[in-house]
Amino acid sequence: MKNFDYYQPTKIAYGCGRLSEVGKIVAQYGKRCLLVSVPAFPEIEPVYDKVKALLQDANVAVAHFDGVIPNPTIATINAGTNVAKAHRADVVLGLGGGSSMDAAKAIAVEATHEGSCWDYLFYKQAPTEKTLPIIAVTTTSGTGSHVTQVAVVTNTAEKDKSALYNDNILPRVAVVDPELMLTVPPKTTACTGFDVFAHAFESFIHPAGSPYTDLLAKEAMTLVVNNLPSVVQEGSNLEGRKALAWADTLSGLCIKSAGVTLPHGIGMAIGGMYPHVAHGEALALVYPEFMRYTFRSAVSQFAAAGRLLNPDQEASPDETAAEASCGGIENFLKQIGLWKGLKDVAVPENELDQLAHASMVLPDYKNNPRIAGYEEMRGLLQSCYASKR
Ligand code: NAD
């Protein structure tokens with residue numbers, strides 16, 4: 001067995017009803033809280049009201065920045081930072097999906113450091129311990145952001161999507177209350193659930209994966225495959241929501257320790273250039289071709305996925321089961337309504353060169369078991385282009 005480290009300081013409060021503890025949790029870290037979320041909509045408004053009441057009951061003064069947009073931008077973070085400073089916030093509470101939790105993390109940095117959050121990307125300066133303490137309440141399953149040291153931000157001017165990456169932005173506490181996810185609409189359920197699968201699978205094939213993350217990844221993939229299709233069909237399925245919330249948390253722990261590979265590098269580039277494409281949808285657009293491209297380079301891991309996706313492969317040799325993972329992922333994407341090509345989400349074919357270059361900016365593709373050069377990357381995107389409607 002290989003040597004490995006595993007470090008995960010975020011306290012996880014998992015289970016139905018755990019939202020009721022959020023006031024007490026936040027009060028352990030500050031008295032002036034910035035609540036960060038997307039604007040209210042009917043399904044989520046009662047949650048916002050409840051959180052504000054819980055904070056007030058715990059004697060925490062709250063200012064609400066509700067200007068987060070999906071795939072939050074530098075401008076989003078800057079607007080939130082202004083509210084944090086005006087309120088003299090000493091703790092930040094991200095409430096929502098990855099966009100809200102990531103925005104909370106980036107605001108916690110920008111409010112305490114010189115310059116913009118974009119100056120603190122993973123290859124620039126490291127955010128320091130001055131970063132405000134962050135509490136995360138996830139309402140999607142999800143990005144794993146509630147347990148990761150990652151905050152994804154979009155630079156609209158440069159059509160670039162990149163990330164802050166530092167232990168100082170790890171949430172102190174992650175509240176994972178599956179009841180909050182009952183209202184997530186089918187498409188968002190599918191996209192976020194597929195992101196969970198992708199986190200688990202990519203950490204499973206990542207060179208920094210370990211016996212620890214492999215264990216978590218296998219469980220997360222199993223939970224997603226067994227539960228996501230039914231929850232997409234019936235969002236009120238609480239048992240399914242519980243399973244997916246746990247899978248999301250496990251996958252987040254995987255990427256915190258291991259990381260992601262080729263599909264996430266491409267997915268981030270798609271998100272930067274075409275912000276209307278949801279993150280999990282971007283992954284779904286590239287997964288079938290990525291699997292076909294890679295399976296021969298990590299046969300045992302692809303075989304495990306192949307057997308999970310096609311139980312009839314249980315007794316097949318590894319090579320056969322690995323190849324079957326490609327058809328298996330296609331069927332799975334069809335079941336959850338994410339069987340699409342780049343053309344179907346209005347990516348212009350004449351921008352594929354630019355997208356290929358952008359897909360090679362983040363180092364993720366270099367952690368794939370098979371490393372693409374530019375021509376291969378371009379070819380892969382061409383294969384992802386055709387309409388599947
Ligand atoms: P999101 O946060 O953008 O939310 C998507 C939509 O779901 C929004 O319109 C939101 O209003 C809605 N929604 C959220 N919770 C809901 C609920 N309970 N009921 C009804 N509607 C609800 O989506 P996401 O996929 O969770 O996050 C995507 C972002 O996270 C992207 O920017 C992505 O790059 C980033 N990300 C971050 C990490 C990380 O480790 N930090 C990992 C993966 C992705």
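Begin by selecting helix α8 (residues 262-273) and helix α9 (residues 279-294) in this predicted model, whose axes come within 8 Å and cross at roughly 140°. Helices (H or I, at least four residues) and strands (E, at least two) are DSSP runs numbered from the N terminus, while axes are lines fitted to C-alpha atoms, for helices over the stretch in contact, with angles running from 0 to 180 degrees between N-to-C directions. The two helices, α8 and α9, are therefore oblique to each other, the class left over when angles under 35 degrees count as roughly parallel, over 145 as roughly antiparallel and 65 to 115 as roughly perpendicular.

Next, show the side chains of the contact (heavy atoms within 4.5 Å), which on α8 come from L262, P263, H264, I266, G267 and I270, and on α9 from H279, A282, L283, L285, V286, Y287, F290 and Y293.

Now move to the open sheet, where six strands follow the order β1-β8-β5-β4-β2-β3 with parallel pairing; two strands pair if DSSP finds at least two bridges between them. Strands β1 (11-14) and β3 (61-65) stand at the edges with a single partner strand each, so one side of each has no neighbour in the sheet. From one strand to the next, the twist averages 20°.

Within the sheet, select β2 (residues 32-36) and β4 (residues 91-96), which run parallel and are joined by four bridges, and find L34, whose bridge partner in β4 is V92.

Residues are numbered from 1 along each chain as its sequence is written. In this predicted model, local features need pLDDT of at least 70 and side-chain atom pairs count only at pLDDT 80 or more, whereas totals for chains, interfaces and linings use all residues, and side-chain values use heavy atoms, with hydrogens and water left out.
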